[in-house]
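I opened this entry to look up salt bridges and cavities. My notes follow.

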Amino acid sequence: MIGLKTGSFGLMTVGLLTAILSPAVWANPPAPVMAAEPETGELLQPRPVPDGSELEPTAPTLDDWMAQAVAAEPAMITDVQVNSTPAGLSIILVSDQPLSAGASRIEGNALITEIPNVALNLTNEAAAEQLSPAEGIALVQVTSLPDGGVRLAITGTQTAPAITSSPVASGLAFAVAPNVADAAGVAEDAIQLQVTGDAADTGYRVPSAGVTRLETPLLETPASVQVIPRQLFEDRAASDLADALRTAVGVSQFTSSRDLFNNVLIRGFDVSSLALRNGIPETFFTLSPPRSLSNVERLEVLSGPDSIATGKISPGGVVNIVTKQPLSIPFYELSASYGRFNTVEGQVDLSGPLDAENRVRYRLNGSYEYSDTFIDTDDVNIQQATIAPVLSWDISDRTRLNLEGLYLNGEYPLIVGLPARGTILENPSGEIPRDQFLGEPNEDRNDRQIIQMGYDLEHRFSESWSLRHTFRYSNFQDEQIGAFPSALQDDLRTLERFGFLDIFDINNYQATAYATGEFETGSIDHRLVAGVDYVFEDSFYDFEEFEAETIDIFEPDFAGGLGASVGTGSFLNSNEGLGIYLQDQLRFWDDRLILSLGGRVDFVNSASEDRQVSDSQESQSDTAFSPRVGILFQPVDNISLYGSYSRSFQQVTGRSATNDLFSPSRGTQWEIGAKADWLDERLFTTLAFYDLTLSNVLTTDLDNPNFDTQTGEQRSRGVELLTQGEILPNWNVVASYAYTDAEVTVDNDIAVGNRLANVPRHSASLWTTYTIPEGSLAGLGFGLGLFYVGEREADLNNSFEVPSYFRTDAALFYRRDDFDLALNIKNLFDVNYVDSVDDALRVNLADPITFQLSASYRF
């Protein structure tokens with residue numbers, strides 16, 4: 001394939017945006033079409049509200065062909081969150097997809113709003129009727145309508161209140177202002193109901209995920225998808241992305257708590273080369289930081305190969321990072337923490353509307369972190385500051401524009417681990433202290449900066465059809481210098497090293513455009529998504545190598561520093577890709593049977609140029625098709641059985657002995673499983689069995705040992721069990737077990753049957769919290785975490801084994817009104833264990849017992 005040109009995609013994007021952003025459409029929108037009463041056919045007229053404004057029903061503005069589309073299946077409201085605000089009241093109807101409010105009317109002291117095309121299925125039925133939730137409000141009531149839809153009635157103590165509504169990612173939000181002459185009491189027959197928590201607190205049970213670009217309930221998704229909500233990693237005081245994923249089933253750590261990267265394995269394969277941020281691909285370099293989770297709302301983990309929404313991807317799966325978005329009500333939170341090893345962190349989270357109509361909203365998250373780490377050497381510390389602004393503008397009732405940015409500036413140490421001899425394996429000189437440092441404290445450093453900005457534009461043609469277009473630019477700069485281990489001498493205490501300086505400057509451009517729609521063909525319901533993705537990245541890489549003195553691993557002397565330069569290099573690498581995809585969910589028998597069909601074609605091109613050698617540019621183009629098929633059957637409302645087949649690809653550059661370009665590696669997976677909602681949909685369970693194969697793996701060509709061939713193969717088979725949610729009121733739990741049999745099945749260099757590195761055969765975790773709901777100790781809570789990781793091999797040659805470990809975490813917290821106080825202890829019994837192994841010279845030991853005291857205040 002001839003290399004793709006940025007300009008060609010630019011013309012496509014301009015054409016698409018021209019249709020959406022036409023001034024004739026936004027500046028002079030068409031007159032609203034009034035909706036008709038279902039039975040009488042009469043037009044619904046706008047009803048006045050107390051402030052004199054009018055609330056008009058959301059009206060379709062479809063072309064004739066779209067007007068024939070059949071109404072979509074109803075969304076599902078699973079929770080009603082009511083919270084007092086300085087202006088009155090905030091009400092959020094939590095749903096598996098954004099909602100739109102219908103007509104509003106006043107009946108006596110009540111303001112009534114009807115939400116069409118939605119059903120009521122509350123996990124806590126008491127939330128449907130809340131009495132006296134705020135001064136001037138006597139009753140908030142949510143009920144189902146006989147002919148479908150949901151009615152929200154808000155009754156004032158004296159007169160009907162005024163409301164404004166805005167769709168949010170998880171449903172529909174209302175800002176309520178009571179109309180009272182004074183602060184006189186509440187209705188005589190009102191029953192006091194205490195409402196705790198905040199708008200972002202949804203517990204551990206999250207009903208749906210958007211990692212597949214179809215916001216589908218987990219119970220109806222024929223794949224292994226798990227969601228880690230913010231409440232969960234806040235309760236655990238997770239320090240970074242990898243730490244937050246410790247409760248995820250089938251996920252193994254491939255990093256350490258002081259590592260610069262958030263490397264993890266899913267089902268035995270490294271997935272750190274790509275993640276999604278709000279559903280849009282993000283490369284390794286921008287993924288690795290930030291350590292802070294201050295602007296992250298939740299993490300969604302898709303296990304197994306699925307290139308439909310991502311393009312090239314590890315066969316293990318992908319992590320979707322969902323960031324915090326602007327709120328329709330004022331929200332301000334300050335938080336700070338202090339921990340062992342002089343670890344301090346401060347965070348700020350501000351959000352709310354910027355105009356009276358609530359059409360423009362903002363969110364600003366910022367954080368600063370400093371830590372000395374437990375390494376016993378001066379000048380080995382971490383400093384990082386992040387700022388993440390978001391601006392949301394409802395250009396019209398159907399069109400929303402989000403502008404989002406990220407700035408990160410960090411200074412990190414280079415801690416490359418300790419040799420296996422003296423940590424995992426015996427050493428005649430004894431055991432290396434876990435806080436030993438073997439670099440150059442006066443030289444070693446890693447300075448990173450990320451600038452990221454982009455927009456997300458969505459236009460809803462109707463309740464059934466929408467179009468989304470995104471663009472994101474990321475710049476990553478990194479400068480690292482230090483000493484790196486190269487060999488351990490025969491005395492098993494003298495470490496040979498070399499020095500290096502690496503400088504990266506990477507520019508990444510991501511653009512997507514896709515449409516989602518719902519329609520019917522006969523008795524079959526369809527949920528369709530079709531789109532195109534484009535990525536371009538250029539990477540400037542300069543390096544220099546230095547001499548470095550040897551060092552005694554038991555009695556290091558840091559006086560040597562780095563020596564003379566021994567070589568330099570300068571490269572320019574670029575990657576470009578265009579992907580076109582289509583997926584459809586076909587629903588039969590009242591959604592009892594769901595068939596998912598999808599396919600994607602990717603055209604990728606990579607090039608590399610040695611900037612110190614003229615005419616050295618090399619390039620490679622590949623085309624890959626990735627299908628996905630899934631089937632799901634619900635014998636009863638709360639249980640589903642599913643099976644799926646999916647494939648993925650990753651580009652492999654280079655040539656064989658016959659001068660043929662290498663083909664992409666392919667991940668292929670078969671999976672069957674079962675899902676269930678228990679305890680009135682408070683607790684969710686997934687059981688999955690899978691067989692995953694990675695083919696076209698490079699291995700030595702036995703006929704031409706100086707070349708590689710693509711006959712290698714690796715396979716992972718396993719069982720995963722996950723339970724997540726609420727066992728009893730105020731008792732949350734996440735429990736998982738994974739059996740992972742990951743091995744080499746075909747290779748010319750590695751023995752067949754060898755296990756993949758850092759992948760335990762058995763792993764399990766449990767995290768649970770309980771909060772006292774009432775009485776003098778109301779708001780006091782406790783947390784307990786148990787994490788078991790079995791033995792695993794250190795490398796593909798299986799040269800030595802990494803021991804298993806069992807770690808215990810604990811938490812004590814107090815949450816009352818707008819104030820939170822928590823004490824978290826990790827590695828409670830100070831277990832000396834290994835997080836991961838890079839090679840025989842770089843074993844990453846885990847932190848000893850640590851504590852963190854944190855406090856936050858919302859106002």
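I took buried as under 20% relative accessible area, exposed as over 50%, and partly exposed as in between (1.4 Å probe, protein chains only). The model is predicted, so I kept local features at pLDDT of at least 70 and side-chain atom pairs at pLDDT 80 or more, while totals for chains, interfaces and linings use all residues. Residues are numbered from 1 along each chain as its sequence is written, and side-chain values use heavy atoms, without hydrogens and water.

Salt bridges. I counted a side-chain nitrogen of Lys or Arg within 4 Å of a carboxyl oxygen of Asp or Glu. I found 41 of these salt bridges in the whole structure. In one of them, Arg493 pairs with Asp552, with the closest N and O atoms 3.1 Å apart. Arg493 is partly exposed at 23% relative accessibility, and Asp552 is partly exposed at 24%.

I then looked up Arg587, which forms a salt bridge with Asp591 at 3.5 Å between the closest N and O atoms. Arg587 is buried at 1%, and Asp591 is buried at 14%.

Cavities. On a 1 Å grid over the protein atoms alone, I took a cavity as a set of points where a 1.4 Å probe fits but cannot get out; lining residues have an atom within 4 Å of a point. Grid points are joined across faces, edges and corners, and a volume is the space filled by probe spheres set on the points. I got 16 cavities of 30 Å³ or more. I listed 21 lining residues for the largest cavity, with Arg246, Val251, Ser763, Tyr788 and Val789 nearest its centre.

Methods: On a 1 Å grid over the protein atoms alone, a cavity is a set of points where a 1.4 Å probe fits but cannot get out, and a pocket is an open set with protein on both sides within 12 Å along at least five of seven lines; lining residues have an atom within 4 Å of a point.
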